[in-house]
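Reader: I am new to this structure and would like to learn how to read its sheet, its core and its helices. Could you take me through them in turn?

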Amino acid sequence: AGAPPPRRDRPDLLTFDPQMLRSDRAAEVRPEDFPDAWHEDALALPLHYQFAPGEVEDGVRVDVPLATLNHLDGASFTWHVPGLREELVVALLRSLPKRLRVSFVPAPNVARAFLAAVPPGEESITDALARHLRATTGVHVPEDTWDWQKVPAHLRPTFRVVDEAGAVVAEGKDLDALKAPLRPAFEEAVASAAADSGVARTGQTAWT
């Protein structure tokens with residue numbers, strides 16, 4: 001057999017049909033699985049996605065205005081975006097000590113059953129998952145047995161706190177840990193916003 005015919009003899013030789021890059025077994029990715037914003041009450045916080053395996057900033061970043069920081073509850077963010085939720089639950093199940101982990105296999109099946117039965121709520125995903133596991137298997141999972149350090153970085157959102165000028169004042173994976181040292185700046189930002197809006201009042205002796 002001779003050498004393969006060059007492209008000039010077969011113009012379609014290196015032409016790829018997009019279907020060649022798809023897998024029938026791959027899960028469908030929907031836009032709503034990876035939203036552009038995180039909605040928390042009346043707030044819409046911008047989300048940014050970064051593919052950087054091995055880096056701390058790998059995954060999803062949430063931009064949080066400083067003045068809204070204390071309004072946010074870290075529990076709701078533990079559910080992550082829908083497109084990564086099943087992978088997150090699998091990672092949490094596999095983070096458990098072996099004596100507990102063996103009760104929840106195969107982990108992907110357990111994760112899918114949990115997400116089908118329990119919608120995201122105000123409680124943390126680990127609280128909801130522990131309650132579901134106890135109801136379906138009778139096994140109690142103490143809160144301190146979930147090991148978030150074993151959960152890959154891209155399954156834990158990064159929070160970037162920005163002031164009114166857009167400057168980054170804090171960044172990290174633990175929203176609650178970011179709040180304490182920023183409390184003075186937070187209170188100043190709220191007072192400034194109240195003064196600018198005309199809501200702030202001084203010298204009042206009764207509710208108005």
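Author: We begin with the sheet, where two strands are said to pair if DSSP finds at least two bridges between them; helices (H or I, at least four residues) and strands (E, at least two) are DSSP runs, numbered from the N terminus. The model is a predicted one, in which local features need pLDDT of at least 70 and side-chain atom pairs count only at pLDDT 80 or more, while totals for chains, interfaces and linings use all residues. Residues are numbered from 1 along each chain as its sequence is written, and side-chain values use heavy atoms, with hydrogens and water left out.

Reader: In what order do the 5 strands of the open sheet stand?

Author: Strands of a sheet pair through backbone hydrogen bonds, either parallel or antiparallel. Here the order is 1-2-3-4-5, and the pairing is mixed. Strand 1 (37–40) and strand 5 (168–172) each have a single partner strand, so one side of each lacks a neighbour in the sheet.

Reader: In what sense does strand 3 pair with strand 2, and in what sense with strand 4?

Author: With strand 2 the pairing of strand 3 is antiparallel, over 4 bridges, and Tyr49 has Val60 of strand 3 as its bridge partner. With strand 4 the pairing of strand 3 is parallel, over 5 bridges, and Pro65 has Val162 of strand 4 as its bridge partner. Because 6 of the 7 residues of strand 3 are buried (under 20% relative accessible area, with a 1.4 Å probe and protein chains only), this strand is largely enclosed by the rest of the structure.

Reader: How many residues does the largest nonpolar core have?

Author: A nonpolar core is a set of buried Ala, Val, Leu, Ile, Met, Phe, Trp, Tyr and Cys residues joined through side-chain atoms within 4.5 Å. The largest one here has 43 residues, and Phe77, Leu93 and Trp146 are among those with the most contacts inside it. Helix 2 gives the most to this core, with 7 residues.

Reader: How do the axes of helix 4 and helix 5 cross?

Author: Axes are lines fitted to C-alpha atoms, for helices over the stretch in contact (heavy atoms within 4.5 Å), and angles run from 0 to 180 degrees between N-to-C directions. The axes of helix 4 and helix 5 come within 11 Å and cross at roughly 105°; the two helices are therefore roughly perpendicular (65 to 115 degrees). Among the residues making the contact are Phe114 of helix 4 and Leu133 of helix 5.

Methods:
Buried < 20%, exposed > 50% of the residue type's maximum accessible area, 1.4 Å probe, protein only. Parallel < 35°, antiparallel > 145°, perpendicular 65-115°, else oblique.
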